[in-house]
Amino acid sequence: MIAQYGFNATLTARPGMGDRLVDLLLTGLDEGSPGASEHCVVYLVSRSASAPDVVHVTEGWTSEEDHHRIFAGEAAQAIVTQIEGLLAKESQYTDYVPVRGKAAF
């Protein structure tokens, strides 16, 4: 499948909560979670090298509609609720239309 919709999110955890935020975001890859969906073709969690409480998430989806539908589900909303309690400020989002690239892990 090819990503037709995506975004980057920058999340800033409360001081000292960066590890917990990363761990929680990575549960998004667990079976039944949004990142495990066949419609999510990119789910990358990264950290700032200079600010350990700043976390970046890159997602690529088969369509914007698929993302919104899955994100509205119970599993995604449970993660969002937990994330909100860890954040120091509102997250910043940049949407995009993927063109081409590579990810290998």
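This is a short tour of the structure above, stop by stop.

**Before you start.** The model is predicted, so local features need pLDDT of at least 70 and side-chain atom pairs count only at pLDDT 80 or more, while totals for chains, interfaces and linings use all residues. Residue numbers run from 1 along each chain as its sequence is written, and side-chain values use heavy atoms, with hydrogens and water left out.

**Stop 1: the whole chain.** Show everything as a cartoon. The protein has 3 helices and 4 strands. Helices (H or I, at least four residues) and strands (E, at least two) are DSSP runs, numbered from the N terminus. Along the sequence the pattern reads β-α-β-β-α-α-β. The radius of gyration is 13 Å, close to the 13 Å that the globule rule gives for 105 residues, so the protein is as compact as a globular protein of that length. That radius is taken over C-alpha atoms, and the rule is 2.2 Å times the number of residues to the power 0.38. Along the principal axes, the C-alpha atoms fill a box of roughly 40 × 30 × 25 Å. Of the 105 residues, 40% count as buried. Buried means under 20% relative accessible area, exposed over 50%, and partly exposed in between (1.4 Å probe, protein chains only).

**Stop 2: the sheet.** Select the 4 strands. They form an open sheet in the order β2-β3-β1-β4, with antiparallel pairing. Here β2 and β4 (92–96) stand at the edges, each with a single partner strand, so one side of each has no neighbour in the sheet. The twist averages 10° from one strand to the next. Two strands pair if DSSP finds at least two bridges between them.

Now select residues 40–47 and 54–61. These are β2 and β3, paired antiparallel over 7 bridges. They form a hairpin with 6 residues between them. Pick Arg 47: its bridge partner in β3 is Val 55.

Next, select residues 5–12, strand β1. It runs antiparallel to β4, joined by 5 bridges. Pick Asn 8, and look opposite it for Thr 94 in β4.

Stop 3: Angles run from 0 to 180 degrees between N-to-C directions, and axes are lines fitted to C-alpha atoms, for helices over the stretch in contact.

**Stop 4: α1 against α3.** Show side chains. On α1, pick Arg 20, Leu 21, Leu 24 and Leu 25; on α3, they meet Ile 79, Gln 82 and Ile 83. The residues of this contact divide into 5 nonpolar, 1 polar and 1 charged.

**Stop 5: Ser 37.** Go to the loop between α1 and β2, where Ser 37 sits. Is Ser 37 buried or exposed? It is buried, with a relative accessible area of 16%. Leaving aside neighbours within four places in sequence, Ser 37 is in contact (heavy atoms within 4.5 Å) with Trp 61 and Ile 70.

**Stop 6: Glu 64.** Select helix α2 (residues 64–71) and pick Glu 64. Glu 64 is partly exposed, with a relative accessible area of 38%. Draw a line from its C-alpha atom to that of Leu 21: the separation is 25 Å, across 43 residues of chain.

Conventions:
Ala, Val, Leu, Ile, Met, Phe, Trp, Tyr, Cys and Pro count as nonpolar, Asp, Glu, Lys and Arg as charged, and the others, Gly among them, as polar.
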